[in-house]
Amino acid sequence: MNIISRKWHAFLDYLSGIVLIGAPWIFDFYFSHRGAAAAVLAGVLILILSIITDYEGGLIRMVPMSMHLNMDILLGILLAVSPWLFGFRYEVYLPHLLMGLLALFAGILTMRRSLSEKKYTNQTDHKSIIK
């Protein structure tokens, strides 16, 4: 679906990456070593993936947008179930569940074309209109 633009998705990526890295201290679960590690690792992965994705927020633009979104879906599912999967559900679960669901829905609802694909498609469409 194309409900979320790539530009807005990039903003959400960077914001959620920063929030996840700071989450153990922001939401006071730094004492949960596994919970803190899961949040920080997910945040770092989101930031790295954002930097190398071919979209408005990407700096290196190596990863196609469709692959980025597939990774968001997988990471979202893993993050959402991580408290139960890694056994820290009694210490903390809500930040992981909510941020995981956000990543999952953002992955499903964002435009799948990469920035370079859109440019190429528009150039091709424009040439065919002129002929």
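1. **The cavity lining.** His9, Leu12, Asp13, Ser16, Ile46, Asp72, Leu102, Ala103 and Ala106 line the largest cavity. A cavity here is a set of points, on a 1 Å grid over the protein atoms alone, where a 1.4 Å probe fits but cannot get out; lining residues have an atom within 4 Å of a point. Two elements, α1 (6-26) and α4 (94-109), each give two or more residues to this lining. The largest share, four residues, comes from α1.

2. **The model.** This is a predicted model, where local features need pLDDT of at least 70 and side-chain atom pairs count only at pLDDT 80 or more, while totals for chains, interfaces and linings use all residues. Residues are numbered from 1 along each chain as its sequence is written, and side-chain values use heavy atoms, with hydrogens and water left out.

3. The structure holds one cavity of 30 Å³ or more. The space in the largest cavity is about 70 Å³. Volume means the space filled by probe spheres set on the grid points, which are joined across faces, edges and corners. The lining has five nonpolar, two polar and two charged residues. Here Ala, Val, Leu, Ile, Met, Phe, Trp, Tyr, Cys and Pro count as nonpolar, Asp, Glu, Lys and Arg as charged, and the others, Gly among them, as polar.

4. **The overall fold.** The chain has five helices and zero strands. Helices (H or I, at least four residues) and strands (E, at least two) are DSSP runs, numbered from the N terminus. Of the 131 residues, 40% count as buried, meaning under 20% relative accessible area with a 1.4 Å probe, protein chains only.

5. **How α1 meets α3.** Helix α3 covers residues 65-85, and α1 packs against α3 at an angle of about 35 degrees, with the axes 13 Å apart. Axes are lines fitted to C-alpha atoms, for helices over the stretch in contact, and angles run from 0 to 180 degrees between N-to-C directions. From α1 come Arg6, His9, Asp13 and Leu20; from α3 come Met65, His68, Leu69, Asp72 and Leu79. Contact means heavy atoms within 4.5 Å. By class, these residues are four nonpolar, two polar and three charged.

6. **A look at Ala36.** Ala36 sits in helix α2 (residues 33-51). Is Ala36 buried or exposed? Ala36 is buried, because its relative accessible area is 11%. Leaving aside neighbours within four places in sequence, Ala36 is in contact with Pro24, Phe29 and Tyr30. The C-alpha atoms of Ala36 and His96 are 9.8 Å apart, and the two residues are 60 residues apart along the chain.

Notes
1 Å grid on protein atoms, 1.4 Å probe; cavity = no way out; pocket = protein on both sides within 12 Å on 5 of 7 lines; lining within 4 Å. Buried < 20%, exposed > 50% of the residue type's maximum accessible area, 1.4 Å probe, protein only.
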